[in-house]
Amino acid sequence: PWESIKNKFGSDKFSLAFARIENHYFTNKGFFESDGWLLEKEQIDKIKHIPTVIVQGRYDMVCPAITAYELSQALPHAETIFTTTGHSGFEKEIISHLVAATEKFKDV
């Protein structure tokens, strides 16, 4: 399975498409109204009832760990898991926590 993932995500065609999407997202500030918008009380009040698991890579340089910490403070009922990984959702430790969270909520 790893070889097929590496071949797909390592291809020039995929890399270019992904870079275009990512740059569009960043150029538009993630489509949020302002920095910190999600953490504003009005926004948190809209989502605080949703069961939440936050999985954060300790060495994620794209989404720093402080962002997960701040979200966990705004959503104190959320389960927060810090891993020894980086940013990729394909890292084994992140995958195992995401699968566990999905299994936990599958019957909710």
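Helices here (H or I, at least four residues) and strands (E, at least two) are DSSP runs, numbered from the N terminus. Helix H2 has 16 residues and so should span 22 Å, and the 22 Å between its end C-alpha atoms agrees with that.

A word on what you are looking at: this is a predicted model, in which local features need pLDDT of at least 70 and side-chain atom pairs count only at pLDDT 80 or more, while totals for chains, interfaces and linings use all residues. Residues are numbered from 1 along each chain as its sequence is written, and side-chain values use heavy atoms, with hydrogens and water left out.

Now step back to the whole fold. The protein has five helices and two strands, and from the N terminus on they run α-α-α-β-α-β-α. Its C-alpha trace spans about 40 × 35 × 25 Å along the principal axes. Taking a contact as heavy atoms within 4.5 Å, residues 24 or more positions apart account for 61% of the contacts with a separation of 6 or more. Of the 108 residues, 19% count as buried, where buried means under 20% relative accessible area, exposed over 50% and partly exposed in between (1.4 Å probe, protein chains only).

Return to H2 and follow the chain onward. After H2 comes Lys 29, which is found in the loop between H2 and H3. Lys 29 has a positive phi of about 55 degrees although it is not a glycine, and its relative accessibility of 60% makes it exposed. Phe 31 is found in that loop between H2 and H3 too, again with a positive phi, of about 65 degrees, and again not a glycine. Helix H3 (residues 41–47) holds Lys 41, whose C-alpha atom is 8.3 Å from that of Ala 74, 33 residues apart along the chain.

Phe 31 also takes part in ring contacts. Rings of Phe, Tyr and Trp (its six-membered ring) pair if their centres lie within 6.5 Å; planes under 30 degrees apart count as stacked, over 60 as edge-to-face and the rest as tilted. By this rule there are four aromatic pairs. In one of them, Tyr 25 and Phe 31 have ring centres 6.1 Å apart and planes at 70 degrees, so the pair is edge-to-face. Tyr 25, Phe 26 and Phe 31 form one aromatic cluster. Tyr 25 is partly exposed at 39% relative accessible area, whereas Phe 31, at 52%, counts as exposed.

Tyr 25 leads us on to the pockets. On a 1 Å grid over the protein atoms alone, a pocket is an open set of points where a 1.4 Å probe fits, with protein on both sides within 12 Å along at least five of seven lines; lining residues have an atom within 4 Å of a point. The largest pocket is lined by 30 residues, with Tyr 25, Phe 32, Val 62, Cys 63 and Thr 67 nearest its centre. H2 (12–27), strand E1 (53–57), H4 (65–74) and H5 (92–105) each supply at least two residues of that lining.

The lining of the second largest pocket includes Phe 9, Phe 14, Val 62 and His 87, and H2 gives the most to it, with three residues.

Technical notes: The expected span of a helix is 1.5 Å times one less than its number of residues.
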